[in-house]
Protein chains: 2
Amino acid sequence: MIPAYMRIARGLGSAIKRGALRPGDRVMSARQIAQMESVSVPTAVNALRVLEADGLVVARPRSGFFVAQPPSVAPSRSPPPTLPQSVTIAGLARTLFVARAGELVPLGAALPEPSWLPVGDLQRVLNVAARRIGCTSQTYSVPPGRLDLRRQLAKRATRWGGRFGPEDMLVTAGETQAMHLALRVTCKPGDIVAVESPCYFGMLLMLESMGLRALEVATDPVYGLDLESLERMLRQHRVAAVLLSPTAQNPTGATMPVDAKRRLVQVLAKSRIPLIEDDIYGDLCATEPRSPPCKAFDETDNVLYCSSISKTLAPGWRVGWIAGGRFHEALVQARLQEALAGAPLFEAALADYLRGSDYDRHLIRLRNRVSGSVRAVATRAEATFPVGTRVGYPRDGFLLWVELPTSCDALNVHARALAEDISVSPGHLFSPQSRFTNYLRLNCANEPTSAFLGAVEKIGQICKSAF
Amino acid sequence: MIPAYMRIARGLGSAIKRGALRPGDRVMSARQIAQMESVSVPTAVNALRVLEADGLVVARPRSGFFVAQPPSVAPSRSPPPTLPQSVTIAGLARTLFVARAGELVPLGAALPEPSWLPVGDLQRVLNVAARRIGCTSQTYSVPPGRLDLRRQLAKRATRWGGRFGPEDMLVTAGETQAMHLALRVTCKPGDIVAVESPCYFGMLLMLESMGLRALEVATDPVYGLDLESLERMLRQHRVAAVLLSPTAQNPTGATMPVDAKRRLVQVLAKSRIPLIEDDIYGDLCATEPRSPPCKAFDETDNVLYCSSISKTLAPGWRVGWIAGGRFHEALVQARLQEALAGAPLFEAALADYLRGSDYDRHLIRLRNRVSGSVRAVATRAEATFPVGTRVGYPRDGFLLWVELPTSCDALNVHARALAEDISVSPGHLFSPQSRFTNYLRLNCANEPTSAFLGAVEKIGQICKSAF
């Protein structure tokens, strides 16, 4: 039995997706919807909010809701292989991640510009924490990590419907460790893990290192994972875990509609296949309030929710966390065995920082900067990249997934860009067997200065001369 | 062909061990040895220095060398099982490592008292590093970690004969991660790993989590691993790796004689079985210069050398490292896959700190404090523990390995101590199948105040009433 507002949202949503309503069209007002559907006005408003969270409509102050501008020309979807594959990208990744002397224009790594981070505030909480617990941190922070931090994190999660407490959380050394532990406690070597296509290479590296096979699931660059494809694949294969970024996916920026997230959780709960959810870009949703993560709908403790502050506050602090549902105890044990403990100074400082409202104010500023910069980079790319390029304007987050003409080889582009002191991430990294050879992922989280946009243009020139 | 000084040292050493020379006896002077053995005086001095490094003789200023006082009553050795065993201590460890509200007298965890650490200096380098690279650390420290730190570490290693450069090192999140990665790249599930008996529980936890089997090798509480037992076991079993703490072993404080370390490296090089060497207490050798780690004798890149600053500087910084020999490239890859990156702020601050001579001065102070405190705790334990207790005075490091009368159950003692707000480490943790049920490990790295020594006495009372 689905709630009325959700039923209404679905109906309107499919009308928009089928083209019955076009971008810029005004959507019925809440009052009109309430009348037509025989529901209360608040229910109708809820339906519109769901559509807004899904990026299908936008609210204009005092004018009502309008169908949103869809991503200009989304990258085409090529159907992924239907069989699980072993992953073989580690060798390539190693050659690409070599530390470079000298500065690069950072279109490669998915990290925000340092000047966008609240450095002063973070230095302050770091000093306070050092005075309080000692900068040498007498003791380790043994798993599950500092309670003050887990309290703050659990409290913030209630805003999106998180129903777990501090005692259900484990602090980790970055989100990479959180996902690594999640795979460890849910899978054994040889197992099959369903992932998005394209998929964040960090996830693929983990699968490769653990001897797990990747089952790629068709993923829309706007609406994220295709649930029907997943269900079909779950019937065909024995999948040990599903590893996804349902919000602001890396590299596409796709966010699954709220309803799809809910259904995904239900489908997996029924088959008892754990969902490992990466929500590292969740705080960078373009809409406010943010699209809730799948964990918000987790009624059977089947979702292992992973996140961190690396994209919004302090990548170098290496603080991540996981709310692991029924796997919590196993995760704590695995962390103890693999890493013994964490760095209490950063944990304590972060707890202090999250206690106030600084983070919320920072996020508003950061989201504005991100959206301006994404727009600037996308515009410049569309203007200067070769004919046939498809620039996938991201729903959320700060990454641009760009499909080049098929004759362009992204590794070649990468090498030539590096010679010009510009880093980019070649598409080869984003599938188990390097399928996306003519794709680039561009990091837009930088001040769109003329130098930065000039580097984007330079990439365009390289692409033009590369085929 | 062994060098003359080593041959002489061996001869004298075995005379001492067999009791031909008794504690307090004067040893021949270098001049007398030179004459008798027809070698130069410097060669004879070298021989005496080897015996001194091995703890067999002590130099008294202007009086010559004397046979050292052996550990008062070393814990008895029970022969370990001759077959590899699966490890089953994680469940117990988890119940013991529960974070406790309130202060405990820290006789449990092997960590130095915070006031013994150079907190002011570390805060200073932390501030300087934060100003230089930004406290949010824009970028991750991608494997192999910051070059400035690796340079300093490699430079320090040359003092004990380390023959590797910065490019052969990988910075890790604490030494636990270093050893974990070392096992990952040398073993696969089901493999057999040779360990000391007793063995640091952190190593056993790793074996358990990775599905590796432990082969316990007889280990003397003073002279460390018994090489003959190891060689016999290597003939009987197919061992994938040897995981040891040859210097200041945890929990016994044993240090293998220099010559035994050298032979160990040769034996393993010949059979191509990698040696994973834990040297975390290496800087806490009682003698100066320190007994070199096995890595000093590694001519075939077969030793994976692991260490960290957790026992001497800043446990909470979680900075460790590994010089992995022929496994270096695989280790870098594995670290990238499991943890992505490290915390550049701590790495940069540590590099700054190690650049000067502060660390050397700090180590002298720390070693003095440790030796005074170990003596005080051992004396108090010998005076107050039940008859039949054997207090194993450690060669090096700050841990006391205490054998209680067989009727004492260490878990019982642990539980009752906890009720008195005192933590201890029960012997159950130090073998794959909890063999050492009547042993305790006591952490002595605390100011020997009357309160601290009172807690030691309290443990004695508990032990007395526990049987």
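Modeller: We will look at a helix and then at an interface. This is a predicted model, in which local features need pLDDT of at least 70, side-chain atom pairs count only at pLDDT 80 or more, and totals for chains, interfaces and linings use all residues. Residues are numbered from 1 along each chain as its sequence is written, chains are lettered from A and ligands numbered from 1 in the order in which they are written, and side-chain values use heavy atoms, leaving out hydrogens and water.

Biologist: Which residues of helix α2 of chain A are buried?

Modeller: Buried means under 20% relative accessible area, exposed over 50%, partly exposed in between (1.4 Å probe, protein chains only). Helices are DSSP runs of H or I, at least four residues, numbered from the N terminus. In α2(A), residues 30–37, the buried ones are A:A30, A:I33 and A:A34. They fall within an arc of 100° seen down the helix axis, so they line one face; the arc is that of the directions from the axis to the C-beta atoms. On the other side, A:R31, A:Q35 and A:M36 are exposed.

Biologist: What do the buried residues of α2(A) pack against?

Modeller: They pack against α1 (4–17) and α3 (41–53) of chain A, where contact means heavy atoms within 4.5 Å.

Biologist: And how is the size of an interface given?

Modeller: Often as the accessible area lost when the parts come together. Here, about 4,500 Å² is buried between chain B and chain A, summed over both with a 1.4 Å probe. Carbon and sulfur atoms give 61% of that area. The contact takes 51 residues from chain B and 51 residues from chain A.

How values were computed:
Helix = DSSP H or I, 4+ residues; strand = E, 2+ residues; numbered from the N terminus. Buried area = accessible area lost by both parts, 1.4 Å probe.
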